[in-house]
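Visitor: Could you walk me through this one slowly? I'm new to reading structures.

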Amino acid sequence: MEVFVVTLLNGLVYGMLLFMLASGLTLIFSMMGVLNFAHASFYMLGAYFAYSVSTHIGFWPALVVAPVLCGLIGAAIEMYGLRRAHRNGHVAELLLTFGIALIIGTAVEMGWGMMPAPYRVPSLLDFPLFAIYGTQFPAYRAFMLLISGAMFGAIWAGLKYTRLGLIIQAALSHPDMASALGHNVPRVFTFVFAAGTALAGLAGVIGGNYQVTEPDMAVAMGPVVFVVVVVGGLGSLTGCFIASLLVGMVQTFSVVLDYSLADLLRLGGVQVTDTMPFNELLTMSLPRIGPLLPYALMLLFIAFKPRGLMGTRDT
Amino acid sequence: MANRIRLFIARMISLAVALLCAAATIGTDTALAEDTVKVAYTSPLSGPFAQLGDTQLKEFQYIVDYLNAHGGVLGRKFELVPFDNKSQVADALITLQRATDQNIPFILQCSGSNIAAALIDGINKHNEYNPESRILYLDCGAVATELTNEKCSFWHFRFDMNSLMKSEVLVRGLPKDLTKVYLLNQDFIAGQSMQHDFKAFLAKLRPDIQVVGEELIPFGKVKDFSPYITKVKASGAQALVTGNFGPDLNLLIKAGLDAGIDLKYYTFSAQFAGGPTAIGPRGDGKVVSVMPFNENVAPKIGNADADAFTKGFRDKFHLDFSDAVTFRTSLEYIQAAAKKVGSLDPTKIAFAMEDMQLKDFLGYDTVMRKADHQVLMPYYTSTLTKGAQYDAENTGLGWVPTATVMAKDVDQPTTCNMKRPAM
């Protein structure tokens, strides 16, 4: 029970961090059809901006400044890069974002160095909020949950109840029609791309000190975010939210469930011995293959449910 | 018109690039003309372990500059030639190929044991087929025990203690009142062998200690260690013993400190680049690491020269100098062996290094064991605490040596069956 509750909390925190990253990506992907390889790089950039800003004027201004900076860079990339590349089709866009990811990675290494940045939790939030079975739950994690929850609410309400949100939704499901009705779809694209990168930046601000702010953090978080987008389904914020929590839970629970296929077979009355074929695979315990599970999940979804959990279009 | 201007600009740019390239080539040519003794250094300068590789490159460069300023090798200067292996075996073999193509007689590789094993195979073959351009592998930190046992090679010399010896130092350093430990390692060759070694030494040296859990984690893939900490906590362990390095170690300790559970961390690699930063002030007194050196050793034993040498690095790069002994000793063995045989021929140097005794720069005895080419050197158990003379990565916490194990005390047997070439 103790392990279950604590792991549930861990999974929730990790899942919400994933959601903050993936929500921006899913908006960009479903609207513009651009699989933004640089998305996790903006996460990293957000963390480094926040580190630099917080050493000068503090963490709280950084919470606003860093995402805005990321959003501005994102807007510039959309206006001067993606829009041009768009004429040459999706492959060109893909390659452009891939190149941007490499450039941001190298720029971060050159600007801040290869070592992890000492970006720490603000002292105001650096205390254990409560202890559950002797394991402390840091206040900062509650703060993360709060920010990501608020973010989900704000995006959801914004898409649903504002005029801009309606236009975005229209452009999501019927881009040609929205354009034909006289809406400036390119400008909407710029806005969405900027908002998406700003969200990634915000995730960086609060994820950078939860994990470690280092040049490798983009590469570490990048692939799993794509899993969330595919599993959640295109164009669905709710799907993205559920998929994030699902992947977060899968990753955390796979660590604590110390079982293997052999244990499953034993329930069925089959004893796995050293002489059996594939016995090494069968006795491989779940924690050892845990990080692969999200990708296995993604393959299953692509094969059997390409629309994802709540997608409105095929991937 | 606009097109013409564009064309003109493009031409000017390509001309500038061509000139720059030419200038760069001229630069290297003059360096070559000085007739240096080249030492290849293959390490992850990009990829997930880039921070380790980059810091170690700076350490080596500082040592090479120091040794060159103090006489070099047979009156010539060492020249460090860095290669990026991205922490990948295939890339490391390509860098070996590039080193042998340039006729470089020595190659350093300090991180992965899987890479070391592949390099040993590659070098065995190369040296057999190319007796006129042999290359020695100076292993400055790949610690899997196999490398000096089953896989031992005449061309491989290890200047750090192997994982088995380090494990013994770590187990000997465990406090007397400890009764429950949790073992956690990375799921690859070195991690698996450490997991095995810990258990063997605990059974032999500390039968009173119970292993309440063991875990192999996917290598370099875990982003959130909180669930592992939950498991460790549930097992009732008082200490976590781990051979993890890089992000796998930093994130693990960070998750443990976040959860605020009463646990001590016994490690080999917490002193490496990024470790103390990730641990932070909350780790005061909680993290113990077994290491070949730290900067607080020299002041503790009152060796002012050694202190000045390591302080120079700190002043120049504002980085910790964790590998000073292993790195400097590996090059000093080359220096001493070359002096002894009066030649830079790798085969002669290899024979000369066998059973060679040398004092490290702290003044302690070391010996390169002939049977398996494993160095025997002193080792230090240190705790990350407040109030150290030199702090680690500006965290305010520094490594304070709490126990020293002398070279002769870790003289474990080897199963190596060394094949030596004809002189």
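**A walk through the model**

Guide: Chain A has a mean pLDDT of 87, and 99% of its residues reach 70 or more; pLDDT is the predictor's confidence in each residue, from 0 to 100. This is a predicted model, where local features need pLDDT of at least 70, side-chain atom pairs count only at pLDDT 80 or more, and totals for chains, interfaces and linings use all residues. Residues are numbered from 1 along each chain as its sequence is written, while chains are lettered from A and ligands numbered from 1 in the order in which they are written.

Visitor: Where in chain A is confidence lowest, and where is it highest?

Guide: Where pLDDT is low, the predicted coordinates should not be read in detail. In chain A the lowest mean is 76, in helix α12 (residues 279-282). The highest, at 94, belongs to helix α2 (residues 39-56) of chain A.

Visitor: How many helices and strands are there in chain A?

Guide: Helices (H or I, at least four residues) and strands (E, at least two) are DSSP runs, numbered from the N terminus. On that basis, chain A has 14 helices and two strands.

Visitor: What radius of gyration does chain A have?

Guide: The radius is taken over C-alpha atoms, and the globule rule is 2.2 Å times the number of residues to the power 0.38. With 315 residues, that rule puts a compact globule near 20 Å, and chain A agrees with it at 21 Å.

Visitor: Does A:Val250 count as buried or partly exposed, and why?

Guide: A residue is buried if 20 or more other C-beta atoms (placed from the backbone) lie within 10 Å of its own, exposed if 12 or fewer, and partly exposed in between. A:Val250 sits in helix α10 (residues 237-256) of chain A. Because A:Val250 has 19 C-beta neighbours inside 10 Å, the label is partly exposed.

Visitor: Which residues is A:Val250 in contact with, leaving aside neighbours within four places in sequence?

Guide: Two residues are in contact if their C-beta atoms, placed from the backbone, lie within 7 Å. With those neighbours set aside, the partners of A:Val250 are A:Leu293, A:Pro294 and A:Leu297.

Visitor: Over in chain B, how far apart are the end C-alpha atoms of helix α8 (residues 247-259)?

Guide: The expected span of a helix is 1.5 Å times one less than its number of residues. α8(B) is mostly covered, with 13 of its 13 residues buried. Those 13 residues should span 18 Å, and the ends agree, being 18 Å apart.
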